[in-house]
Amino acid sequence: MKAVSIKEPGGPEVLEWIEVEDPTPAAGEVVIDVVASALNRADVMQRWGLYPLKPGTSPYPGLEVSGRISAVGEGVTGRQVGDEVCALLTGGGYAQKVAVPAGQLLTIPKGIGLIEAAGLPEVTATVWSNIVMTAQLKEGETLLVHGGLGGVGTMAIQIAKALGARVVTTVGGPEKAARARELGADVAVDYRTEDFVEHGPYDVILDVVGGDYLERNIRSLAADGRLVVIGLQDGLDGKLNLADLVFKRLSVHGTTLRTRSKEQKAAIVAAVQEKVWPMIESGSVQLIVEAQMPMDEAAEAHRRMEAGGHVGKILLVND
């Protein structure tokens, strides 16, 4: 088979479409013939050498796929060759085939095409595990989503609205602010001209930025507020006001989906299948797709993501 390999840490030009060994399913796994995968910010970090991989993890990028099962490992029940599925991965999605634990498989939601489904597992699992399972967002609370027009942001806005929350999001520019409001955001803050702190307080903040956003995030949380940091786009260092943390009884969570155990991922996937798929099938939550590009043009897709300006997911499609 072929897969996208990272020749060495660096820019998009280090991605190569090369021949590699076919995967075989271990016990409890299936092999998927990949129809499509999707870009995530973690793929870019991995390409730069900034995302250390656990031993045994596929060296190829790609955290989600859709496709058809072509082999079933020992002990797998309820799945068979030919089933159309999408899946949450630890890596290896930029390829023609990938092995994945059966617990990380999802059925394709009704009304969603097989290619489009590739963009669902990572964002839905990320959003649900963080704003619901970790931060316990409740109906009537206010959620602040940083980066509201990325893959995670567009999904977080919609899921939070479906749960009955009030949603504020940060975006770059008036056109993006208008698009965020179309997706359901109650308030869209242009971070170039406004300070999101002024639109608080917030019960929950979902932060993909990190860096010096930490101090302002803490300052803008309401009493008993919860901050969940899932990205570090603006750097690793931030200031923390411990007085705010203590006297407002705040909680700060740092999480990543990729490094969780397969048992934890299976629990998240099961919750997504039960709770989020009905939202998608009813149309109250939609996957926003910016573009579909050939898998062997992964380098160009990475350039497009890093240039900014995209809304939603960029998909990589096999022939």
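Which residue's side chain meets that of Glu274 in a salt bridge?

A: Lys275 is the partner: the side chains of Glu274 and Lys275 meet in a salt bridge, 3.7 Å from N to O. Here a salt bridge is a side-chain nitrogen of Lys or Arg within 4 Å of a carboxyl oxygen of Asp or Glu. Before we go on, this is a predicted model, where local features need pLDDT of at least 70, side-chain atom pairs count only at pLDDT 80 or more, and totals for chains, interfaces and linings use all residues. Residues are numbered from 1 along each chain as its sequence is written, and side-chain values use heavy atoms, with hydrogens and water left out.

Back to our pair: Glu274 counts as exposed at 53% relative accessibility, while Lys275 is partly exposed at 42%. (Buried means under 20% relative accessible area, exposed over 50%, and partly exposed in between, with a 1.4 Å probe and protein chains only.)

The structure holds 14 salt bridges, so let's meet two others. Asp224 and Arg249 join their side chains at 2.8 Å, N to O. That pair links distant parts of the chain, 25 residues apart: Asp224 sits in strand E12 (221-229), and Arg249 in the loop between helix H6 (242-247) and strand E13 (251-254). Helices (H or I, at least four residues) and strands (E, at least two) are DSSP runs, numbered from the N terminus. Asp224 is partly exposed at 38%, and Arg249 is partly exposed at 49%.

Then there's Glu290 with Arg304, at 3.3 Å, N to O. Glu290 lies in strand E14 (289-294) and Arg304 in helix H9 (298-307), so this pair ties together parts 14 residues apart in sequence.
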